Amino acid sequence: MELRQLSYFVAVAEELHFGRAAEKLHIVQSAVSQQIRRLERDLGRDLFDRSPRHVRLTGAGERLLPEARAVLVAAERARAAVARRTVLRLGTSTGLGEHLDRVLGAFADLAPHLGVELVSAPTQERLREVQEGRLDAAFLRAGADGPELAPGLRAVPVWQEPLLAALPARHPLAAAPDVAVADLAELPLGLTDRRNHPALVDLVVGACHDAGFEPRPAPCGGTLQDTLATIGAGANPMWTVVYASHARVVHSSRVAFVPFRAPGLALTTVLVTRSEAADEDLTAFRKACLNGADHDH
């Protein structure tokens, strides 16, 4: 039994027509028929009922089809596992800041042969693209219980992401060395919709509830940059949260970034890959993530 024979068998099983299967495979019909006959001889079973008017799978053919597909998928994964990439496709999100710069620098030292293509996408889209193989890995921020992942994905924690309170620079709390969540109860809170970032919204709203108040939503929308611009305008004082790594690269004299009082607020950044992905390039990238995190301490 050869992979080529299984490939031809699956093509005919899907088309139920030898001519169309041959066109799909870009070979002549006689070659398809010949290899299917050899496969049937090897197995000792007819896989197709053939007549001038139709082609149908036999019972043996129906039983073989899912197994043949599985073998072909496994063979493709085996080829991909040993193939040398030229580019690692990485899903990213807003606010990685200096972390991402350090990780990419560390990775360039570990794998100079490999480029990195950054793909920015919403959380669920990033996860779906990793699952379907269109991304090699993706960064994701998760709460204390870790992210909810579909079967076939795994997450490796790579660093902690402290959050800061973003306030109008003229607000009295802006000059404080730190701020308690309860201190912000009188100010409206500007956050992204929960569907965009469940872990972040649950963490911040949960902290407000623990502090004894229900946060009032601020009348803002759009990107984080839009929210920060609204805060900086100061016409209607409000607050939001920003990752510390992102705050370090934001330059605004109108917005103050204040740490939360201990124990503070933080999310864990994880690197999500497919469960079976264990090649040397991804191993090097995970190492680069951990090396980059070490430089933060």
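Modeller: A residue counts as buried when its relative accessible area is under 20%. Keep that cut-off in mind as we look at this predicted model.

Colleague: Thanks! Why is Arg141 called buried?

Modeller: Arg141 has a relative accessibility of 7%. The limit is under 20%, so Arg141 counts as buried.

Colleague: What makes Arg141 and Glu161 a salt bridge?

Modeller: Their closest N and O atoms are 3.6 Å apart. A salt bridge asks for a side-chain nitrogen of Lys or Arg within 4 Å of a carboxyl oxygen of Asp or Glu, so this pair qualifies. The pair links distant parts of the chain, with Arg141 in strand β5 and Glu161 in strand β6, 20 residues apart.

Colleague: And Glu161, why does that residue count as buried?

Modeller: Glu161 has 0% relative accessibility. With the cut-off at under 20%, Glu161 is therefore buried.

Colleague: Now the pair of Arg69 and Glu14: what makes it a salt bridge?

Modeller: The N to O distance between their side chains is 3.3 Å, and the limit is within 4 Å. Arg69 sits in helix α4 and Glu14 in helix α1, so the contact ties together parts 55 residues apart in sequence.

Colleague: Why is Arg69 called partly exposed?

Modeller: Arg69 has a relative accessible area of 37%. Buried means under 20% and exposed over 50%, so Arg69 falls in between, as partly exposed.

Colleague: How do you know that both faces of β7 are covered?

Modeller: Thr240 and Val242 on one side are buried, and so are Val241 and Tyr243 on the other.

Definitions and conventions:
Residues numbered from 1 in each chain as written. Predicted model: local features only at pLDDT ≥ 70, side-chain atom pairs only at ≥ 80, totals over all residues. Heavy atoms only, no water. Buried < 20%, exposed > 50% of the residue type's maximum accessible area, 1.4 Å probe, protein only. Helix = DSSP H or I, 4+ residues; strand = E, 2+ residues; numbered from the N terminus.
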